[in-house]
Amino acid sequence: MNDEQLDRYSRHILLPQFDYEGQSSLLGSKVLVLGVGGLGSSAAMYLASSGIGQLHLLDPDTLESSNLQRQILHRENHIGMNKAVSGQKSLQDLNSGIDVYAHTECLNEEALATLISQMDAVLDCTDNSHSRRLHNRLCVMARVPLVSAAAIRFEGQLMVINSQVENKPCYECVYPESNNQEMSCSESGVMAPVVGMMGVFQALEAIKVISNTGQSLVGTLSSFDGLSGQWRRFNVAKNPQCPICSH
């Protein structure tokens, strides 16, 4: 680290559990954020400010005015812009010392698998179970840690999936594929700070995984109720017949 970096990240370096080595691991890491909406906005901002060396944003969608209620990475004058490009502009203003890459197209499965295989961690910030299942499968195949979250109304959930850790579940173990109709923010609504909290939680767990700091939440499901302000955590087991991670 140079003198500028030592000053910028000094509050991290002061942490005895993290120290110089932890910060160095962040500066040398590559992280992919899948979806730059509500979850991805707050997650990406804290990953960038914390010093992730390479931050990749993937989102083919265009920013709309209704997104600004919760997608705090974006700005009014970015309306009509691709979200990955909008996020890239904001993050470069936040931290010019890291590399931010915008992926603006929907990648086919092979291209996405190649991109994921190059990462140290992936954050699933998408808003549908089909995408989460795909990202879970590709991360398990590549043995890349995945931090997956969701938020709707006043509720949020988070899982850490890490196939490098033996006998721990993946997303499919906990949420087997079903034909149940999903709820969306456009139909059910979502409280903006709840989305932000879950995104920040994702960033923290990714930083812990990359730097090998603290206790990983792999093997658990964390649930937040914004109306009561209560967190709950459940231990979840690996499905020995899981079609994704049992092989």
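1. Let's start with helix H3: its buried residues pack against helix H2 (10-13), H4 and H10. Here a helix is a DSSP run of H or I with at least four residues, numbered from the N terminus, and contact means heavy atoms within 4.5 Å. H3 covers residues 19-27, and Gly22, Gln23 and Leu26 are buried in it. Buried means under 20% relative accessible area, exposed over 50%, and partly exposed in between, using a 1.4 Å probe and protein chains only. Down the axis of H3, the buried residues fall within an arc of 95°, so they line one face of the helix. That arc is taken from the directions from the helix axis to the C-beta atoms.

2. A word on the model: it is predicted, with local features needing pLDDT of at least 70 and side-chain atom pairs pLDDT 80 or more, while totals for chains, interfaces and linings use all residues. Residues are numbered from 1 along each chain as its sequence is written, and side-chain values use heavy atoms, leaving out hydrogens and water.

3. Next, look at glutamate 172, which sits in helix H8 (residues 171-174). Is glutamate 172 buried or exposed? Glutamate 172 is buried, with a relative accessible area of 10%. Leaving aside residues up to four places away in sequence, glutamate 172 touches Arg133, Asn136, Glu177, Cys242, Pro243 and Ile244.

4. Now for the aromatic rings. How many aromatic pairs does a search of the whole structure find? The search finds three. Rings of Phe, Tyr and Trp (its six-membered ring) pair if their centres lie within 6.5 Å; planes under 30 degrees apart are stacked, over 60 edge-to-face, and the rest tilted. For tyrosine 171 and tyrosine 175, the centres are 5.0 Å apart and the planes at 35°, so this pair is tilted. Tyrosine 171 is buried at 7% relative accessibility, whereas tyrosine 175 is partly exposed at 25%.

5. Phenylalanine 201 and tryptophan 231 form an edge-to-face pair, 5.1 Å centre to centre with 85° between the planes. Phenylalanine 201 lies in helix H10 and tryptophan 231 in strand S8 (residues 230-235), so the pair ties together parts that are 30 residues apart in sequence. A strand is a DSSP run of E with at least two residues. Phenylalanine 201 is buried, with a relative accessible area of 13%, and tryptophan 231 is partly exposed at 40%. Ring pairs link Phe201, Phe224 and Trp231 into a cluster.
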